[in-house]
Amino acid sequence: MLIQLWALLQVQVPGVPERRIQDIFKPMATPAEAEKNVALLTFAITGAIFIAVAGLLIYTIVRFRRNPRDTSNQEPPQIYGSNQIEAAWTVIPILIVFVLIGVSARVIAAVENAGPPPATLKVTLIGHQWWWEVYYPDYNVRTANEIHVPASPDGKTATYLTLESVDVIHSFWVPELAGKTDLIPNRQNFAWIDPREPGVYIGNCAEYCGTQHAKMYLRVIAQTPEDFNRWAAAQQQPQQIRGNMQQAKAVFESLACVNCHAVRGTSAAGSFGPDLTHLRTRQTLASGALVNDEQDLRNWINDPQDAKPGCLMPSMKLTNDELTQVVSYLQALN
Ligand code: HEC
Ligand SMILES: [Cu+2]
């Protein structure tokens, strides 16, 4: 319920098939499927325990309630101890716990030790307060907040994610694709996904990481292999700006933006904030907080603290003219 509500609050991008309800019971990838089965088993066992305990409790309350005609005010007989019952309710729960531990451990091991299929895409996902850096080592492509991957209808393609963090602990969680895995500073974690259908799968940082943790959405954009290859090839291109953008580009390069942001092919080479080389090809801005259109982009650059109070991009107090130039430049970064 809460998860659904939260999904509905997210930005909608027209024309993109989006799996808006993040339902762990409708897995769309192998790891999520395995984990769903453990969840169902755990629910079944704990559900049965709940019904047994609650049933006995209700039975006792009703069966042994005070009789209104009983005016003797006497305590009922006080009975202590039964070795059989004590042993039963010690041993049975221990056995149940061991079954759950065993099954969970087996599924975790199976997911973690699964060998990569021949067609494996490598992606490094780096957590920042409060956005995701996405790096494709085999393509030397760097982007943010939206992970493009090939879909895997036949289960023969997978994306292996190396998870890192530059500041605090974050957590990768795209419920329909895989369970949570933390991104921990000074260490590498791994996760993998193989989305069965093309589409946009929405996730969120799942480990509280500071004020804007709730606005740290993640999109996995699964595409057909052809579409993915086309996307990757386009992302590999450095930025080429058409003639009439020269002035807008110069304004952007004269501002402090370049200390925090990179645009490949220009003098902007900062790495503190998201790489903006192909900004226009992203669906959202600021980790899913805003739609990537002219209006939201303008508002964001004018004052990022409005959409994400406390975020690590300051309001640059641009003049109206500078703002217009910078927005038109960023809008041209295809
Ligand atoms: C002090 C470093 C810093 C400066 C200076 C800075 N930014 Fe940012 N910028 C960031 C950070 C950090 C984020 C990510 C914020 C978040 O999502 O929480 C960001 C996000 C953005 C985004 C959204 C990118 C995306 O893919 O979601 C745009 C666009 C952007 N900045 C443009 C600019 C422009 C234009 C300037 C100059 C007027 C500028 N920034 C100056 C740090 C900076
Ligand atoms: Cu977080």
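**Close-up views of a predicted model**

**View 1. The surroundings of I193.** I193 touches A29, P31, V149, A158, T159, L177, A178 and V220, leaving aside residues up to four places away in sequence. Two residues touch, or are in contact, if their C-beta atoms, placed from the backbone, lie within 7 Å. This is a predicted model: local features need pLDDT of at least 70, side-chain atom pairs count only at pLDDT 80 or more, and totals for chains, interfaces and linings use all residues. Residues are numbered from 1 along each chain as its sequence is written, while chains are lettered from A and ligands numbered from 1 in the order in which they are written.

**View 2. The largest nonpolar core.** This core holds 59 residues. L125, L177, I193 and V220 touch the most other members. Strand β11 gives the most to the core, with 5 residues. Domain 1 (119-230) and domain 2 (243-331) both contribute residues, so the core lies between them. A nonpolar core is a set of buried Ala, Val, Leu, Ile, Met, Phe, Trp, Tyr and Cys residues joined through C-beta atoms within 7 Å. Buried means that 20 or more other C-beta atoms, placed from the backbone, lie within 10 Å of the residue's own.

**View 3. Domain 1 against domain 2.** The protein is divided into domain 1 (119-230) and domain 2 (243-331); the bounds come from an automatic or database domain assignment. The contact takes 15 residues from each of domain 1 and domain 2. On the domain 1 side, β3 (131-136), β4 (141-144) and β11 (217-223) each give two or more residues. β4 gives the most to that side, with 3. The C-alpha centres of the two domains lie 23 Å apart.

**View 4. The shell around ligand 1.** Of the 30 residues around ligand 1, C257, C260, G273, A286 and M313 come nearest. A residue is near a molecule if its C-beta atom, placed from the backbone, lies within 6 Å of it. α6 (257-260) and α9 (320-331) are the elements that give two or more residues to this shell. α6 gives the most, with 3 residues. Helices (H or I, at least four residues) and strands (E, at least two) are DSSP runs, numbered from the N terminus. Domain 1 and domain 2 each supply at least three residues to the shell.

**View 5. The whole chain, for orientation.** The protein has 9 helices and 13 strands. Along its principal axes the C-alpha trace spans about 100 × 50 × 40 Å. Buried residues make up 31% of the 334 residues.

How values were computed: Buried ≥ 20, exposed ≤ 12 C-beta atoms within 10 Å, placed from the backbone.
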